[in-house]
Amino acid sequence: MATRRLRHARLPSSISVLRSQILRRYLSSSGPVELSHRIAFGGKDLAVGSPMPTSDKTPMLVMHGLLGQAPNLRSFTLHPDVSGGKGAEGKERAVVRVDLRNHGNSPHSPVMTTDAMAGDLIHLMDRLGIETAVVLGHSLGGRIAMAAALCHPSRIHSLIISDVAPVQYHEHPKTSPYTSLRSILDSLMSLDLPKLSNRREAFEALAPSIPSDAIRNFALMNLDATPNQPLRWRCNLPILSKTVNNWDDFARMAAETSPYEKPTVFVRGGKSTYILPDNPGHKHAMTTMFPKHQVGCLHTPERERFRKASVEIIGM
């Protein structure tokens with residue numbers, strides 16, 4: 001405990017400069033990629049390539065999890081409570097949904113580290129002229145959001161983190177191969193796409209290795225089945241499978257950064273094991289790195305109160 005407190009003590013300016021130089025090296029080691037994105041404003045999608053609209057509301061960036069894509073987030077970003085619009089006139093906010101590197105329409109890269117992906121986010125903000133933003137991230141997207149907040153606190157207005165904590169995760173040895181992330185990725189890579197004609201055939205071919213219809217449907221959203229074109233994966237499956245356990249850099253970040261002292265909301269599902277507020281390791285990590293955090297559960301009678309508290313915190 002004493003060591004951790006010392007690590008997070010206010011540092012002399014010379015040490016702070018050195019720390020910033022180290023962080024910039026980490027974040028630029030691979031160079032950022034140009035993330036594909038779409039901007040919602042006033043309950044509508046703006047045309048692709050549109051500049052950021054003007055608003056007195058702080059912009060929001062929204063990031064999906066592993067094997068997700070920006071379109072998965074469309075209904076959320078178009079909701080009047082989020083981007084304004086019908087019934088919420090005068091409350092318009094620019095909300096940017098993002099394809100992470102190696103996902104969706106964003107470029108593929110052999111580098112898939114938390115640092116590099118946080119660098120992508122900051123680079124996107126620079127491209128769009130966003131000085132500071134509310135950032136919401138689910139699972140892998142949450143890890144990126146937390147890393148960006150720790151390394152670039154002045155750029156992140158506040159955080160909403162869904163179903164992930166700033167800790168190291170390991171799949172239990174007895175995890176079912178039907179639900180293991182690596183097994184799912186391997187099953188997708190095992191599909192012989194040239195022998196398949198459409199998504200339905202792929203869905204049926206995956207049934208023996210991924211019995212869950214829900215998981216298969218979700219994973220196959222990554223399959224590009226454009227008519228009269230060969231089937232192809234939008235996501236970079238080989239790199240995702242190779243790096244799936246390499247995204248947990250928070251022990252290092254805790255040693256090299258100061259705590260993120262702005263509002264942070266961790267959101268967990270009622271049966272989730274990814275955010276455990278009573279687990280000493282989870283509690284210590286969240287408290288140490290994000291001292292102004294709250295934890296809320298979506299499947300309790302308190303969910304409405306928590307939603308209102310989250311909205312108030314981030315100024316939505």
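Residues are numbered from 1 along each chain as its sequence is written, and side-chain values use heavy atoms, with hydrogens and water left out. Because the model is predicted, local features need pLDDT of at least 70 and side-chain atom pairs count only at pLDDT 80 or more, while totals for chains, interfaces and linings use all residues.

View 1. Start with the 8 strands, in the order β2-β1-β4-β3-β5-β6-β9-β10, which form an open sheet with mixed pairing. Strands and helices here are DSSP runs numbered from the N terminus (E, at least two residues, for strands; H or I, at least four, for helices), and two strands pair if DSSP finds at least two bridges between them. At the edges sit β2 (44–45) and β10, each pairing on one side only. Further in, β5 (residues 133–138) and β6 run parallel, joined by 6 bridges, and A133 stands opposite I156 in β6.

View 2. Look for R155 in the loop between α6 (140–151) and β6 (156–162). R155 counts as buried because its relative accessibility is 12% (buried means under 20% relative accessible area, exposed over 50%, partly exposed in between, with a 1.4 Å probe and protein chains only). Its side chain makes a polar contact with the side chain of D126 at 2.9 Å; such a contact is a pair of N or O atoms within 3.5 Å, where within protein one must be able to donate a hydrogen and the other to accept it, and residues adjacent in sequence count only if both atoms are side-chain atoms. A polar atom of the R155 side chain also lies 2.7 Å from the backbone oxygen of E131. Beyond neighbours within four places in sequence, R155 is in contact (heavy atoms within 4.5 Å) with residues including I122, M125 and T132.

**View 3. Helix α5 against helix α6.** Here α5 (residues 114–128) packs on α6 at an angle of about 75 degrees, with the axes 8 Å apart. That angle makes the two helices roughly perpendicular (65 to 115 degrees). T114, M117, A118, L121 and I122 in α5 meet L140, R143, I144, A147 and A148 in α6.

**View 4. Strands β9 and β10 with helix α12.** Strands β9 (residues 264–268) and β10 (residues 293–297) pair in the parallel sense over 5 bridges, with V267 partnered by G296 in β10. In α12, the buried residues include H282, A285 and M286. N279 caps the N-terminal end of α12, with a side-chain oxygen 2.8 Å from the backbone nitrogen of G281.

Methods:
Axes are lines fitted to C-alpha atoms, for helices over the stretch in contact, and angles run from 0 to 180 degrees between N-to-C directions. Angles under 35 degrees count as roughly parallel, over 145 as roughly antiparallel, 65 to 115 as roughly perpendicular and the rest as oblique.
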